[in-house]
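The following exercises are to be worked through with the sequence and the structure at hand. Each task is followed by a solution in steps.

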Amino acid sequence: MHGQRVMRVLGVDPGLTRCGLGVVDGKPGSALTLVAGGVARTDAGTDIGMRLLALEQEIERWLSEHRPDAVAVERVFSQRNVRTVMGTAQAGAVAIVCAARRGLPVATYTPSEMKAAVTGSGRADKAQMTVMVTRLLRLADAPRPADTADALGLAICHIWRGGARLRITAALAAARRPPSAPPGPGGPVLAPGGVT
């Protein structure tokens, strides 16, 4: 635990009208530090392409300004309003693409996973989430709006859970790769009968 370095994570609570953004520094078992929090907004009356472009530009600005080590995005798994789901998924995809363009690792968490990590209960409501984020970051005032608090919660969730998750994923990927043997001088060695 003590050997781990401080990680900076950008949390993204995706949405077309309001996309929460929050940057937190920390490591498991240590105090967390708020770096920045806010919301990217787009006008519901604007063309979808222009709204997604505006989100991309704002997320890119946050990535350039804060230089996170990883990005944590809320994963949408079910909602009654299909139109809202589509917009949320599109906004989340923009954040993932922005991170991938820079070679940053991306993790996605369901709201229940994030709530469980931050509050201890996957069924916590927005008010409980905001209270815990405020306490964990030692803030004088609660982050507003709720989209900002959720983005900060995603960053906290990744700091506490994501580092181990990424190491496990990397280890599993390495174990699945076949061992690479260096080619011998003069090319591959032929087995009897000429078959490699």
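**Exercise 1.** Leaving aside its neighbours within four places in sequence, which residues is Thr134 in contact with?

*Solution.* The model under study is a predicted one. Begin by locating the residue: Thr134 lies in helix 4, which covers residues 126-136. Next, set aside the neighbours within four places in sequence; the contacts of Thr134 are then Leu139, Asp141, Ala142 and Pro143. Finally, consider its accessibility: the relative value for Thr134 is 13%, so the residue counts as buried, the cut-off being under 20%.

**Exercise 2.** Identify the buried residues of helix 3, and explain how they are placed around the axis.

*Solution.* Helix 3 comprises residues 111-119, and its buried residues are Pro111, Met114, Ala117 and Val118. These residues cover an arc of only 135° around the axis, and therefore lie on the same side of helix 3. In general, an α-helix has 3.6 residues a turn, so residues three or four places apart point the same way. To complete the description, examine what comes after the helix: helix 3 is followed by Gly120, which has a positive phi, near 90°.

**Exercise 3.** Determine how the side chains of Glu56 and Glu60 are joined to Arg101, and where in the chain each partner lies.

*Solution.* First, take Glu56: its side chain meets that of Arg101 in a salt bridge, with an N to O distance of 2.9 Å. This pair links distant parts of the chain, as Glu56 belongs to helix 1 (residues 48-66) and Arg101 to helix 2 (residues 82-101), 45 residues apart.

Second, take Glu60: a salt bridge joins Glu60 to Arg101, and the closest N and O atoms are 2.4 Å apart. Here too distant parts of the chain are linked, Glu60 being in helix 1 and Arg101 in helix 2, 41 residues apart. With a relative accessibility of 15%, Glu60 counts as buried.

For the structure, the count of salt bridges comes to 10.

**Exercise 4.** What separates Glu58 and Arg61 in helix 1?

*Solution.* Start from the interaction: Glu58 and Arg61 form a salt bridge, in which the closest N and O atoms are 2.7 Å apart. Then turn to the positions: the two residues are three residues apart in helix 1, and therefore about one helical turn separates Glu58 from Arg61.

Notes
Residues numbered from 1 in each chain as written. Predicted model: local features only at pLDDT ≥ 70, side-chain atom pairs only at ≥ 80, totals over all residues. Heavy atoms only, no water. Buried < 20%, exposed > 50% of the residue type's maximum accessible area, 1.4 Å probe, protein only. Helix = DSSP H or I, 4+ residues; strand = E, 2+ residues; numbered from the N terminus. Arc of directions from axis to C-beta. Contact = heavy atoms within 4.5 Å. Salt bridge = Lys/Arg side-chain N within 4 Å of Asp/Glu carboxyl O.
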